[in-house]
Amino acid sequence: GKRAFIAGVADDQGFGWAIAKCLAEAGAEISLGVWVPALNIFETSFRRGKFDESRRLSNGSLMDFAHIYPMDAVFDTLEDVPQDVLENKRYAGNEGWTVSETAAKVAKDWGKVDILVHSLANGPEVQKSLLETSRRGYLAAMSASSYSFVSLMQGGAAISLTYVAADRVIPGYGGGMSSAKAALESDTKVLAFEAGRKYGVRVNTISAGPLGSRAAKAIGF
Ligand code: ZID
């Protein structure tokens, strides 16, 4: 079977979870990269059986994960992490969660990843119009939602999720999130060219329809 790493699952409500299920149905082994501050509640809920119903596959078995890693896709190396994050109590007790450290763990535990699924985005100022968005908020949206895809590319076939606000005006999709999706879509083409030649893999992005995930509810979509 194929090995799939899915970045951006923290409950059973989002696209990442749904994609995990499809891949599990198709016989893939799955590991997750869970945002560090969300990991504790995810693992607790998982252990207590909160997701058991939605883990059920068509053959009756429960979807399982080979590994669940804490990850924060806005940091590439430990040197990139500011002191306040290191000391944040939601990060304390977890280690090796930057992108490069996570990639090294995955390579050690698993070897090669066949499929990368990027199902994560974050725009701290998404509720502000682009006109009102600060530089910090804009760059944070790009870092979490666009560069994270570049950073996570480690040689497997890759797919991410985008939104039509990249090329049409969708009021309410602010904070630089429209910019971030436009970058993600352009990067998908360039990465398909580069990684296609370097690794012989495909790189794609799917423009998603509406799903009542945690992220979507947070912006009132
Ligand atoms: P989700 O909350 O399940 O997934 C986002 C995940 O990202 C969460 O698990 C977070 O913990 C994680 N995350 C955030 N920051 C970081 C970080 N720094 N490091 C690691 N993890 C982090 O929500 P989802 O399933 O909606 O989002 C998955 C992908 O789908 C994202 O790229 C979205 O932008 C994309 N997407 C979702 C929707 C939607 O409707 N849910 C739409 C388009 C694209 C959309 O907004 N009509 C109106 C709206 C839309 C479509 C049609």
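At 3% relative accessibility, serine 146 counts as buried in this predicted model. Serine 146 belongs to helix H6, which covers residues 135-152. When residues up to four places away in sequence are not counted, serine 146 touches Ala141, Ala180, Ala183 and Leu184. Serine 179 is a residue of helix H7, which spans residues 177-199. With a relative accessible area of 15%, serine 179 is buried, since the limit for that class is under 20%. Apart from its neighbours within four places in sequence, serine 179 has contacts with Leu130, Tyr138 and Met142.

The chain as a whole contains eight helices and six strands. Read from the N terminus, these elements follow the order β-α-β-α-α-β-α-α-β-α-β-α-β-α. The radius of gyration of the chain is 17 Å, which agrees with the value near 17 Å that a compact globule of 221 residues would have. Along the principal axes, the C-alpha atoms fill a box of roughly 50 × 40 × 35 Å. Of the 221 residues in the chain, 44% are buried. Among contacts with a separation of 6 or more, 74% are made by residues 24 or more positions apart.

The accessible surface of the chain amounts to about 11,900 Å². Carbon and sulfur atoms account for 54% of that surface. The charged side chains comprise 24 positive and 24 negative ones. The centres of these two sets lie 4 Å apart.

Aromatic contacts were examined next. A pair of aromatic rings is described by the distance of the centres and the angle of the planes. The structure holds nine aromatic pairs. One of them is formed by phenylalanine 5 and tyrosine 69, whose ring centres are 6.2 Å apart. The planes of phenylalanine 5 and tyrosine 69 stand at 45°, so this pair is tilted, as planes under 30 degrees apart would count as stacked and planes over 60 as edge-to-face. Phenylalanine 5 sits in strand E1 (residues 3-7) and tyrosine 69 in strand E3 (residues 67-71), so that the pair links distant parts of the chain, 64 residues apart. Phenylalanine 5 is buried at 5% relative accessibility, and tyrosine 69 is buried at 4%.

A further pair consists of tryptophan 17 and phenylalanine 65, with ring centres 5.8 Å apart. Their planes are at 70°, so the pair is edge-to-face. Tryptophan 17 is located in helix H1 (residues 15-25), whereas phenylalanine 65 is located in the loop between helix H3 (52-55) and E3. The pair therefore ties together parts that are 48 residues apart in sequence. The relative accessible area of tryptophan 17 is 4%, which makes this residue buried. Phenylalanine 65 is likewise buried, at a relative accessible area of 10%. Tryptophan 17 and phenylalanine 65 also belong to a cluster linked by ring pairs, together with Phe42, Phe46 and Phe51.

Isoleucine 30 is placed in strand E2, which runs over residues 29-35. Its relative accessible area is 2%, and isoleucine 30 is accordingly buried. With neighbours within four places in sequence left aside, the contacts of isoleucine 30 are Ala4, Ile6, Ala20, Leu23, Ala24, Met63, Asp64, Phe65, Ala66, His67 and Trp110. Phe65 in this list is also the partner of tryptophan 17 in the edge-to-face pair. Methionine 153 lies 123 residues from isoleucine 30 along the chain, and the C-alpha atoms of these two residues are separated by 17 Å.

Aspartate 109 is part of helix H5, comprising residues 99-110. At a relative accessible area of 39%, aspartate 109 is partly exposed, because this class covers the range between the limits of under 20% for buried and over 50% for exposed. Aspartate 109 touches His67 and Tyr69 when residues up to four places away in sequence are not counted. His67 is also in contact with isoleucine 30, and Tyr69 is the ring partner of phenylalanine 5.

Technical notes. Residues numbered from 1 in each chain as written. Predicted model: local features only at pLDDT ≥ 70, side-chain atom pairs only at ≥ 80, totals over all residues. Heavy atoms only, no water. Helix = DSSP H or I, 4+ residues; strand = E, 2+ residues; numbered from the N terminus. Rg over C-alpha atoms; globule rule 2.2 N^0.38 Å. Buried < 20%, exposed > 50% of the residue type's maximum accessible area, 1.4 Å probe, protein only. Contact = heavy atoms within 4.5 Å. Areas by Shrake-Rupley, 256 points an atom, 1.4 Å probe, with all protein chains shown as cover. Lys, Arg positive; Asp, Glu negative; His and termini not counted. Charge placed at Lys NZ, Arg CZ, Asp CG, Glu CD. Phe/Tyr/Trp six-rings, centres within 6.5 Å; stacked < 30°, edge-to-face > 60°.
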